[in-house]
Amino acid sequence: MQHANALNRLNRLPISRFHKVTLLAVSFAYFFEFADINSFATTAPKLIKLWGVTVNQVAYVTSLSFVGMFFGSIIASKLADRWGRKNALMWTTVWFGVFSFAAVFSWDIVSLGVFRILTSAGLSAMTVVAVIYVSELYPAASRGKYQAYAIVIGICGTPVTNLIASAVVPINSWSWRLVYLWGALGVLLVLFTRQLKESPRWYESRGEHAKADAVLREIEERVAAEKGPLPEPAPPIEEAAVGKAPLRLLLQKKYLMPTLLLTVLWVTQTIGFFGYSSWAPTLLAKEGFSVEKSVFYVALTTVGAPLGSYLAALVTDRFERKWCLVAFGTVIALCGLFYGLTFNPVLIVVFGFLVNLFERGYTALGYAYSPELFDTRGRSLGTGVSYGLGRLSNAAGPLIVAGLYNGSGYRSVFFFIAGTWLLGALVLAVFGPRTRAARLAQTAPEVKPAGV
């Protein structure tokens, strides 16, 4: 029986130009995902004035966008298994770019809402595929770090977009449309098509060992030409090809528990973060700040996002990811609560900065942690379903936020958001499995290069 031995062959590779180009491509996709994901939040205050949009209408559009994210995540898990990780990454990025471009030509809140739902489906789908792609191509000892590095670069899309929005939205009655045009530039990922390689582990999972071996040989040749002779990989492990992964697969005990745990992780992260980021400009404007100031304050807070991803890169492979997630989640809850209890512009920016810093670190840690809880057969499906359910949960989140704001006031929103973060941290602390020992076990021991 033929074996490409993809896992061991990839694990013993030093980080090279191949890995850096792959990182750049994934970072580019992440950049425009993060650029686009808050587009509606940054333009909503302007649309309230131009189109007479209500807080409830903002809530409905935001909620339905998360329904789109749910379906995008589920479909992405199927596409990644059927078409391959690389092709799925390309097509999902093109999808969200095309519909972000369509949003430029929206004529009312309904048309914009439809385009945002379709864009959101592509954003979520791309994220699921990118998480799996990085997890399968990078060495186990450093995959968490490079997952975080991709987000360090990608997350810059949030402050850049918010600063662009703060500059262009106030110009005139149509300039808000430029925010969606900016988000559409993600389609340029197609320029990386020839530089990216399909996941050999995906080929192996389908029993296509010859294709897996061919891709591995090409990668190894590139790395060896740059880094010199490579160590011998650990011996291959007997592993049968896997067929299609139906949804009922997740009912098996070894997949059910991690799926449930990750669903809690992504539900609390989604409601907690998007409850904050999607509503901050609108709620600040409702509390008396001008549209220009509310968007500008939020733009300043998002500068902390890249630093948070970098912080995650420093700790993710050195410590147990579970406990890093617990610590980050707890800090976010406290900072988010303080954000809601102050109307001082300086403190709004400071606590908002800290929320963005630790939340983006939390997300980077979650992206690295999630696929590690599954084997190759269940990785795409389990990651996609749990991430999708997390996004689906926020179909109710904006309605809850709107209800709390209208019924109990501004501060009650932030008590609710802090509670969701603390719940997620508690569940992870009690039920989250540790993964560091398994990662270290996957790391091949150093051996002399072949022929030496």
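At what angle do helix H7 (residues 143-154) and helix H15 (residues 304-315) pack, and how far apart are their axes? The legends below take up this pair and then other parts of the chain. The structure is a predicted model, in which local features need pLDDT of at least 70 and side-chain atom pairs count only at pLDDT 80 or more, whereas totals for chains, interfaces and linings use all residues. Residues are numbered from 1 along each chain as its sequence is written, and side-chain values use heavy atoms, with hydrogens and water left out.

**View 1. Packing of helix H7 against helix H15.** The two helices pack at an angle of about 170°, with their axes 8 Å apart; axes here are lines fitted to C-alpha atoms, for helices over the stretch in contact, and angles run from 0 to 180 degrees between N-to-C directions. H7 and H15 are therefore roughly antiparallel to each other, a term used for angles over 145 degrees, while angles under 35 count as roughly parallel, 65 to 115 as roughly perpendicular and the rest as oblique. Lys145, Ala148, Tyr149, Ile151 and Val152 of H7 make the contact with Pro306, Ser309, Tyr310, Ala312 and Ala313 of H15, where contact means heavy atoms within 4.5 Å. By class, the residues of this contact are eight nonpolar, one polar and one charged; Ala, Val, Leu, Ile, Met, Phe, Trp, Tyr, Cys and Pro count as nonpolar, Asp, Glu, Lys and Arg as charged, and the others, Gly among them, as polar.

**View 2. Helix H3 (residues 39-50) beside helix H6 (residues 109-137).** The axes of H3 and H6 come within 13 Å and cross at roughly 175°, which makes H3 roughly antiparallel to H6. Ser39, Phe40 and Leu47 in H3 meet Ile109, Leu112 and Arg116 in H6, and these residues divide into four nonpolar, one polar and one charged.

**View 3. Ile117 and Ser124, two residues of helix H6.** Ile117 counts as partly exposed, at 24% relative accessibility, whereas Ser124 is buried, with a relative accessible area of 2%; buried means under 20% relative accessible area, exposed over 50%, and partly exposed in between, with a 1.4 Å probe and protein chains only. Leaving out residues up to four places away in sequence, Ile117 touches Leu64, Ser65 and Gly68, and Ser124 touches Met69, Ser73, Tyr387 and Arg391. Although Ser124 and Arg391 are 267 residues apart in sequence, they are 8.2 Å apart in space, C-alpha to C-alpha. The side chain of Ser124 also makes a polar contact with the side chain of Ser73 (2.4 Å), a polar contact being a pair of N or O atoms within 3.5 Å, of which, within protein, one must be able to donate a hydrogen and the other to accept it, with residues adjacent in sequence counting only if both atoms are side-chain atoms.

**View 4. Ala184 and Ser199 in the loop between helix H9 and helix H10.** H9 covers residues 177-183 and H10 residues 200-205. Ala184 is buried at 6% relative accessibility, and Ser199 is buried with a relative accessible area of 0%. Apart from its neighbours within four places in sequence, Ala184 is in contact with Asp36, Gly97, Ser100 and Phe101, and its C-alpha lies 7.6 Å from that of Phe32, 152 residues apart in sequence. With residues up to four places away again not counted, Ser199 touches Arg85, Tyr133, Glu136 and Leu137.

**View 5. Asp213 in helix H11 (residues 209-227).** Asp213 is buried, with a relative accessible area of 16%, and its side chain makes a polar contact with the side chain of Arg217 at 2.7 Å.

**View 6. Two buried cysteines, Cys324 and Cys335.** Cys324 has a relative accessible area of 10%, and Cys335 has a relative accessibility of 9%. The count of disulfides comes to zero, under the rule that a disulfide is a pair of cysteine sulfur atoms within 2.5 Å.

**View 7. The chain as a whole, with 21 helices and zero strands.** Helices (H or I, at least four residues) and strands (E, at least two) are DSSP runs, numbered from the N terminus. Of the 452 residues of the chain, 61% count as buried. Among contacts in the chain with a separation of 6 or more, 88% are between residues 24 or more positions apart.
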